[in-house]
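Trainee: I'm new to this one. Could you pick a single part and take me through it closely?

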Amino acid sequence: MAIVEHTDSTALSGDDGVRRRDFINIAAVSFAGVGAVAVVLPLIDQMNPSADVLALASTEVDLSAIQPGQAIKTTFRSQPLFVRQLTEKEIAEADKVDASTLRDPQTLEERTVDGKKQWLVTMGVCTHLGCVPLGAGEGENKGEYGGYFCPCHGSSYDTAARIRKGPAPKNLEVPKFSFTSDTAILVG
Amino acid sequence: MSFPWAEQYTPKNPVMVWIDEKLPLPRLAYNAVGAGYPVPRNLNYFWNFGVLAGLALMIQIVTGVIMAMHYGANDLVAFSTVEQTMRDVNAGWLMRYAHANGASFFFIVVYLHIFRGLYFGSYKAPREMVWLLGLVIFLLMMATAFMGYVLPWGQMSYWGAKVITGLFGAIPVVGEPIQTWLLGGFAPGNASLNRFFSLHFLLPFVIAGVIILHIWALHIPGSSNPTGVEVKGPQDTVPFHPYYTAKDGFGAGVFLIAFCALLFFAPNFLGHPDNYIEANPLSTPAHIVPEWYFWPFYAILRAFTVDFFFVPAKLLGVLAMFASILLLFFLPWLDTSPVRSGKYRPTFNKFFWILVIDVLILGWLGGAPAEEPFVMMSQVAAAYYFAHFLIILPLISRFEKPLPLPGSITEAVLAKYGKTDGATVAVPAE
């Protein structure tokens, strides 16, 4: 090293003062940098969901036993999923509200499948900090808007599971789902 | 470094001489925590808490390594292996209760250590680095304690993990991928449990490493003291050993008595009954609360209930909670008063105690349910917390007229005992 540093730099440099060794230095450091990134990527990526977790990414739900006004709790991607058949009254209540006045403006139509407006399928995960709201089970507190109520920090959802009061920023998430028959849906 | 009058390490035993030539580790210990470290002669019992925090870390590492021998980091068995440790393993109940309550005692002594620093201005020049490294230790402790609380895989473990990782979900755009990445799934599960176990095992040793840096940075200027006046000569100091090893030893005795009282007579006093129910992703406990040592920060998190322009309330709460700790990193530059000790700062002194009360109130509110009047009180208390550091402290520094400082540590000590011996008047160093 000492020898290199004491070499007369003009002997190695062109007219612009750039030494050939500068190129080697930059190339070597860049190459090592790319190598370091290539090593770090898998080290980080291993923490993402593994194949077996992702394999459970879709769920089939049988709707035949759910009466109007009833809801069931099941799981989707190991998180709670609420499937609810709304009553005429609950649909009317949801439609009555002017969506543009809401915190997360959405109509019931936008949150359900065409022609099957009574089937409200949402994640049972409060959009505040991820608690499971009450209201799907029989006799549970549905909150002051008749939908779901999160006991953790008091968020109230209406009959279309839209956020109406409390700290949650968004409506209960509607996952991607489709009807495989009149009485069954595939979520995910 | 040390003061020039520090006692020198001179091994007499030929074995020690031989070791000192090859690896001067005993010399390092002698200069760091032995007679070779001169310490101000006037330290009060609030200066015990650094050593006590070190003792608490040792208790956690010993009991934790033992707990790990009996623990199964898998969501199918985690809950039952912890119960087996409690019921079947010889002295397993002692290890687990010591570990769980040890965490609480670690935080108790660290909070006292931090407030000692706040009152006596220990964060001021030339000890800013000591303060900053201390805050790094505090953040590492919080991460370690959080992950440790998830390991028993009870209801509070599960829901605590969900709520805390949900905080990262509040970050716009990248929040949800980050949350999924942290958990290794869409909700806490086996992958989360395993990585938390791995990191919970690792971080205490990282903490031990940062503690070495913390002490190293402390030993460059030397310890602060209750007057805030710097050491001026040999008459201001005494050797760490035997003077403060003895004083710390007494403190350690008192600490261990208090620890054992809780450990043996009320081991579940600081815990939550819900955590003796196995984790159930489909049922949220009625009242999710973190461990008590997170309550002040949890209260700040929940204080934000309305959106501010385009920033959602949830994100504001998360930002405020992180800001409440990160703010402390700027403290050495927010408090510009040249006087260190709160003893000689009449205005600062009053506001310091108001801050203590404010943090205690925040703590109480963090454990209370999220309903009125607690939410409104959290908002007031959280606003005051930020106002203290960002407005009140800079203003006091500017306008306060401090009381006259003693000429030296020795002068202060002698004045306290009514002696003004001319023979021991301060002699400047060097």
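This is a predicted model: local features need pLDDT of at least 70, side-chain atom pairs count only at pLDDT 80 or more; totals for chains, interfaces and linings use all residues.

Mentor: Residues are numbered from 1 along each chain as its sequence is written, while chains are lettered from A and ligands numbered from 1 in the order in which they are written.

The C-alpha atoms of chain B fill a box of roughly 75 × 60 × 40 Å along the principal axes. Chain B has 16 helices and two strands (DSSP runs numbered from the N terminus: H or I of at least four residues for helices, E of at least two for strands).

Now for the part I'd zoom in on: 26 residues of chain B and 22 residues of chain A make up the contact (C-beta atoms, placed from the backbone, within 7 Å). On the chain B side, two or more residues each come from helix 7 (155-169), helix 8 (175-183), helix 9 (190-219) and helix 12 (313-326). Helix 7 of chain B gives the most, with four residues.

Helix 9 of chain B turns up elsewhere too: the buried residues of helix 4 of chain B pack against helix 3 (49-69), helix 5 (92-119) and helix 9. Those buried residues are Ala78(B), Phe79(B), Thr81(B), Val82(B) and Thr85(B) (buried means 20 or more other C-beta atoms, placed from the backbone, within 10 Å of a residue's own; exposed means 12 or fewer, and partly exposed is in between).

Terms used. Two residues are in contact if their C-beta atoms, placed from the backbone, lie within 7 Å.
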